[in-house]
Amino acid sequence: MTEQDTATADGAPEAPGAIGAGTVIEDVAERAERPSTRGMRRKDLLRSTPGQWGVLLVALVIAGLIVGLVTSLSVRSRQQTLADLATSSGQLRVAAAEFHRSLSTADTAAAAAFLARDQNRATDRVRYETAYEAAISEAQSALATLVASRDEDSDPGRRNLLGTLPGRLSEYTVLIETARAYNRQGEPVASTYQLLAADAMRAHLLPAARELHQATRARVADKQLSAMSFPVLELVLIGLLLGALVGAQVWLRRRTNRLINVGLVAATAAAAAMLVWTMAGAVTAGAHAERSAEEGTQVGDALTDARITALAARGNEALLLVSARDDHDTSRYQQRFIDLRERLVGSGADDSGTGDPNAGDSARSGGELALAKAATDDAEIRDQIDKAAAAADVWLNQHDVILSAAGAAQAGAVEALLGSPGAGSFTTVDDALGAAVDDVRHDINDEITAARSAMTAMTTGVITLSGFIALAAGAGVWQRLREYR
């Protein structure tokens with residue numbers, strides 16, 4: 001080994017420009033311990049007044065836009081619910097009620113027309129056959145409306161039911177036409193076909209109509225509850241936004257010693273206006289929706305039920321005579337009539353045959369007529385119900401005459417059914433209840449229209465106010481930021 005090599009091995013200085021291992025390690029350690037300049041700048045900025053004001057600006061702008069978006073979507077949802085009550089759901093409810101009512105009318109008119117032809121009462125026959133044809137046409141029209149909307153029904157059973165009802169209705173009309181044809185020929189089998197048609201009506205058509213009617217009632221009730229609900233979430237969000245704007249002004253005043261920030265004051269006023277407008281619109285629309293439910297839908301349902309019950313009682317009364325014509329069993333029609341009479345006017349209905357028109361007055365406290373009257377405060381509708389109740393007493397008190405003459409004195413029984421005063425009194429019952437139902441439907445539409453009017457332009461107004469809040473709040477804070485240059 002040379003002397004030079006020995007010197008190097010003994011730790012002689014390295015050549016210039018060479019970096020030692022120890023120097024590299026120390027440099028890396030120093031860099032690791034040194035804080036990030038970018039991190040330091042971000043933290044310093046957030047701690048600074050301009051940085052805090054910038055965060056406040058962004059927060060207020062975003063909050064204003066989010067509150068406006070949520071509130072406008074809520075308002076739009078209520079408007080759509082009210083619109084649906086006035087159009088789709090409301091029309092389906094009316095169609096279901098008319099389908100149910102028109103089936104009962106058709107069944108009653110068909111039986112009466114059969115008896116009128118059987119007894120050669122030409123005028124009555126033409127009148128009842130015309131009523132039957134009109135009722136069947138109305139039933140077909142209402143059913144077409146229901147079938148057209150069956151895809152909207154979430155219940156598969158009702159969808160299938162709607163698919164089979166047109167065929168069931170056709171089968172019923174075929175049986176009625178067969179009964180007519182045999183009755184024109186004076187064949188005893190005519191009454192059998194008439195009773196078969198009535199049985200088909202009670203076994204298939206009327207239960208289906210009742211189910212559809214109840215389903216559409218429930219759907220409308222759900223939408224009315226939705227329209228009546230109070231917008232708690234929206235009002236809370238607007239209240240929080242209002243509180244945030246007031247808090248921002250207090251904070252800025254403490255930091256700047258300036259009493260008023262015009263932008264924030266304008267944004268606060270706009271938020272307060274949004275709060276008042278949303279609350280007032282919700283209260284007004286909810287009140288109208290509630291009246292449409294309590295004074296409209298509930299009363300209308302009670303009147304419709306009473307009208308259908310009256311028609312069913314009248315139909316069973318006529319079918320009792322059809323069955324007695326050729327010695328069929330009349331007991332089921334008689335018992336059904338008694339049950340329906342009790343449902344219509346109450347359990348105290350006059351069964352004694354005295355014919356006293358005041359005998360049923362106390363009974364009406366428990367019948368559907370009394371329930372319909374108790375459900376409304378409208379004087380005109382109450383008068384119509386009273387008119388129907390008085391006529392019902394006259395009509396129902398004729399039943400014992402019909403029952404005593406059935407079969408043995410069929411002509412007298414038919415005269416008691418189709419002649420005065422029974423037929424005229426029943427017509428008064430049906431007309432009075434029908435007029436009351438029409439009045440209630442008109443009131444429902446008026447209330448829903450008023451509810452929709454209360455929310456007119458609210459969606460546009462809320463969006464405009466929320467945009468103004470965001471701009472005004474941002475401008476107010478930005479004005480302070482510009483002072484830091």
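Author: A patch is made of residues with over 30% relative accessible area and no salt bridge; like charges are joined within 9 Å, and nonpolar side chains (Val, Leu, Ile, Met, Phe, Trp, Tyr) within 5 Å. Accessible areas come from the Shrake-Rupley method with a 1.4 Å probe, and for residues only the protein chains shown count as cover. The model is predicted: local features need pLDDT of at least 70, side-chain atom pairs count only at pLDDT 80 or more, and totals for chains, interfaces and linings use all residues. Residues are numbered from 1 along each chain as its sequence is written, and side-chain values use heavy atoms, with hydrogens and water left out.

Reader: Which residues make the nonpolar surface patch?

Author: Phe-230, Val-232, Val-236, Leu-240, Met-279 and Val-283 make a nonpolar patch of about 540 Å². Helices are DSSP runs of H or I with at least four residues, numbered from the N terminus. Helix H9 (232–256) and helix H10 (262–325) each supply at least two residues of this patch, and H9 gives the most, with 3. Val-283, in helix H10, is partly exposed because its relative accessibility is 45%; the class lies between buried (under 20%) and exposed (over 50%).

Reader: Which residues gather in the patch of negative charge?

Author: For charge, Lys and Arg count as positive and Asp and Glu as negative, while His and the chain ends are not counted. The place of a charge is taken as NZ of Lys, CZ of Arg, CG of Asp or CD of Glu. Here Glu-290, Glu-294, Glu-295 and Asp-377 form the negative surface patch. Asp-377 sits in the loop between helix H12 (368–374) and helix H13 (379–396), and its relative accessibility of 74% makes it exposed.

Reader: How many salt bridges are there?

Author: A salt bridge is a side-chain nitrogen of Lys or Arg within 4 Å of a carboxyl oxygen of Asp or Glu. The count by this rule is 23. In one of them, Asp-84 pairs with Lys-223, with the closest N and O atoms 3.3 Å apart. Asp-84 belongs to helix H4 (residues 49–86) and Lys-223 to helix H8 (residues 189–228), so the pair ties together parts 139 residues apart in sequence.

Reader: Is Asp-84 buried or exposed?

Author: Asp-84 is buried, at 17% relative accessibility, whereas Lys-223 is partly exposed, at 26%.

Reader: Which residues are linked in a network of salt bridges?

Author: Arg-93, Arg-217, Asp-301 and Asp-305 are linked in such a network.

Notes: Buried < 20%, exposed > 50% of the residue type's maximum accessible area, 1.4 Å probe, protein only.
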